[in-house]
Amino acid sequence: MSHHEAWRPTLPPGFRWPDGIRAAACFTFDLDAESGILFEHPEAAAWLDVMSHQAYGPRTAVPRILRLLDRQGIRASFFIPGFSAERWPDAVRSIRDAGHEIAHHGYQHEGSRSAADAATEEAWLLRGLEALDTAAGVRPVGYRAPNWELSYRLPAILAKHGFLYDSGLMDADHPYRLATSPEPGATSIVELPAHWSLDDWEPYNYLPGITGSGVIASPADVIARWTLELEALVEEGGLFMLTNHPFVTGRASRAAGLERLIARAREIEGLWIATAAEIAAHVAGLDLVPVVHDPVVRDPVVRESPPVPR
Ligand SMILES: [Zn+2]
């Protein structure tokens, strides 16, 4: 190795993709339906217009998305809040029966920041598991925090309950092994990183008074942006983790754009298109040193200081 090579972008020590693979792509769908809106805005339960907007996901978009995934011959991962599973069990079963992965996405789409303590977080996790079991007899191995709000304590709770992976931290381009605490010998799980730029909510979603600016992006622009990221991550040997929501991306032209992106991904030689669980299982078999996230400590004096006028 020349002395130039140490700074070159490279995969972490011990990391490799399966033989013949140079990068991976994972297409995921968070079946939030009404859950998240009701967690943030309980009053919306009485608003038919808003509830119908959310029902579009399981009612109209899931069948469309299942058709397009079938046409493309790929399997995807669906992260489903327990509340959605209770309200739309037929949609959950149709996803299961089409051969896709079903993973955990909270109960009422509650973020970790809303949990008073670890016991509350664990109770939500268990309630979500129970709902997926009741609706479809599924025991997920993966978890995605609603809003990607993950507390420092939640990875240990996931490990305790046998979860293989989490998806939603944002400090890497590739999967890694995540230590559940800074303590030596702590348990670890697999982390499949994601990012807001590969999420359909920000460019597309608009509900007056609830979310979005009202400026709705064109699928042509969004798909172009995602394609650039896909191609760049392939060159970096990373993981393209795309997060869509059926009620958002399941609209006709957005779904058509997504299908074009999947078709583009399928043309890339050496790109592994797989479910999150399949990718996590591969990573779990590697000999990786767990990444420790030490809690960030700020100097309280700095926090209390008034801002310096410019
Ligand atoms: Zn969600």
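**Helix packing and selected residues in a predicted model**

Let us start with a pair of helices: α8, covering residues 219–236, and α10, covering residues 252–267, have axes that come within 9 Å and cross at roughly 25°. An angle under 35 degrees counts as roughly parallel, so α8 is roughly parallel to α10. The handedness of this crossing is right-handed. On the α8 side, the contact is made by Pro 219, Val 222, Ile 223, Trp 226, Thr 227 and Leu 230. Facing them from α10 are Ser 253, Arg 254, Gly 257, Arg 260, Leu 261, Arg 264 and Ala 265. Sorted by class, the contact of α8 with α10 holds 7 nonpolar, 3 polar and 3 charged residues. Please keep in mind that the model is a predicted one.

Helix α2, residues 48–72, packs with α10 at an angle of about 20°, and their axes are 10 Å apart. By the cut-off of 35 degrees, this pair is therefore roughly parallel as well. Here, too, α2 passes α10 in a right-handed crossing. From α2 come Arg 64, Ile 65, Leu 68 and Gln 72, which meet Ala 255, Glu 259, Ile 262, Ala 263 and Arg 266 of α10. The contact of α2 with α10 divides into 5 nonpolar residues, 1 polar and 3 charged.

Now step back to the chain as a whole. Its secondary structure comes to 12 helices and 9 strands. Along the principal axes, the C-alpha atoms fill a box of roughly 60 × 50 × 50 Å. How does the radius of gyration compare with that of a compact globule? For 310 residues, such a globule would have a value near 19 Å, and the 20 Å of this chain agrees with that. Buried residues account for 41% of the 310 residues. Among contacts with a separation of 6 or more, 77% join residues 24 or more positions apart.

With that overview in place, a few single residues are worth a visit. Leu 271 sits in strand β9, which runs over residues 271–273. It has 21 other C-beta atoms within 10 Å, and because 20 or more are needed, Leu 271 is buried. Leaving aside residues up to four places away in sequence, Leu 271 touches Ala 23, Ala 25, Val 234 and Ala 265. Ala 265 also belongs to the α10 side of the contact with α8.

Is Val 215 buried or exposed? This residue lies in the loop between α7 (201–204) and α8. Only 12 or fewer neighbours qualify a residue as exposed, and Val 215 has 7 C-beta neighbours inside 10 Å, so it counts as exposed. Val 215 and Pro 203 are 12 residues apart in sequence and 8.0 Å apart in space, taken C-alpha to C-alpha.

Finally, consider two backbone angles. His 109 has a phi near 60°, a positive value in a residue other than glycine. His 109 is in the loop between β3 (101–104) and α5 (118–136), and it counts as buried because it has 26 C-beta neighbours inside 10 Å. Asn 147, also not a glycine, has a positive phi of about 60°. Its loop lies between β4 (142–143) and α6 (154–160). With 19 C-beta neighbours inside 10 Å, Asn 147 counts as partly exposed.

Terms used:
Residues are numbered from 1 along each chain as its sequence is written. This is a predicted model: local features need pLDDT of at least 70, side-chain atom pairs count only at pLDDT 80 or more; totals for chains, interfaces and linings use all residues. Axes are lines fitted to C-alpha atoms, for helices over the stretch in contact, and angles run from 0 to 180 degrees between N-to-C directions. Helices (H or I, at least four residues) and strands (E, at least two) are DSSP runs, numbered from the N terminus. Angles under 35 degrees count as roughly parallel, over 145 as roughly antiparallel, 65 to 115 as roughly perpendicular and the rest as oblique. A crossing is left-handed if the near helix is turned anticlockwise from the far one by less than a right angle, and right-handed if clockwise. Two residues are in contact if their C-beta atoms, placed from the backbone, lie within 7 Å. Ala, Val, Leu, Ile, Met, Phe, Trp, Tyr, Cys and Pro count as nonpolar, Asp, Glu, Lys and Arg as charged, and the others, Gly among them, as polar. The radius of gyration is taken over C-alpha atoms; the globule rule is 2.2 Å times the number of residues to the power 0.38.
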